[in-house]
Amino acid sequence: MSTPETSRFVRVRVELVLEVDDHDAVTQAALRRISDDADMPAEERAHAQSAVTEDTAEALAYLVDPFDLVSEVPGVELQQASWSSEQVDYDPDSPEWDLAEDDVDDQEDGERAG
């Protein structure tokens with residue numbers, strides 16, 4: 001499958017819905033990560049600390065790192081990543097949240113819901 005027409009680059013899309021049981025624990029973990037980041041400028045650090053204190057979704061964005069998902073995968077190197085988080089109304093019984101429905105259409109594209 002290594003032909004000139006085959007790209008070496010693969011886009012992996014992941015969507016997660018997390019239930020936060022302890023907002024304070026998430027916020028404290030994010031604040032620790034921010035304070036441990038020696039490369040973060042002071043102005044950015046102050047902004048980040050304020051953001052994670054006010055919004056649990058922001059705190060999660062500081063804690064969830066796409067590099068961590070692929071750092072142990074042999075033969076790949078992360079080239080680019082972007083991610084965001086937001087609070088959502090989640091209803092597991094709603095057809096809107098049925099990942100299996102998308103799985104049927106997306107399997108042709110090599111995507112997987114799980």
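Visitor: Which residues does V52 touch, not counting those up to four places away in sequence?
Guide: This is a predicted model, in which local features need pLDDT of at least 70 and side-chain atom pairs count only at pLDDT 80 or more, while totals for chains, interfaces and linings use all residues. Residues are numbered from 1 along each chain as its sequence is written, and side-chain values use heavy atoms, with hydrogens and water left out. Taking contact to mean heavy atoms within 4.5 Å, and leaving out residues up to four places away in sequence, V52 touches T27, A30, L31, I34, E58, A59 and Y62.

Visitor: How far apart in space are A29 and V52, C-alpha to C-alpha?
Guide: A29 has its place in helix α1, a helix being a DSSP run (H or I, at least four residues) numbered from the N terminus. Along the sequence A29 and V52 are 23 residues apart, whereas from C-alpha to C-alpha the separation in space is 9.8 Å.

Visitor: Is A29 buried, partly exposed or exposed?
Guide: The classes rest on relative accessible area with a 1.4 Å probe and protein chains only: under 20% is buried, over 50% is exposed, and in between is partly exposed. Because its relative accessibility is 21%, A29 counts as partly exposed.

Visitor: Which helices do the buried residues of α3 pack against?
Guide: Helix α3 covers residues 56–63, and its buried residues are T56, A57, A59, L60 and A61. The buried residues of α3 pack against α1 (23–36) and α2 (42–54).

Visitor: Which residue's side chain is joined to that of T56 by a polar contact?
Guide: T56 lies in helix α3 and counts as buried because its relative accessibility is 11%. Beyond its neighbours within four places in sequence, T56 is in contact with V20, H23, V26 and Q87. A polar contact is a pair of N or O atoms within 3.5 Å, one able to donate a hydrogen and the other to accept it within protein, and residues adjacent in sequence count only if both atoms are side-chain atoms. At 2.9 Å, such a contact joins the side chain of T56 to that of H23.

Notes. Helices (H or I, at least four residues) and strands (E, at least two) are DSSP runs, numbered from the N terminus.
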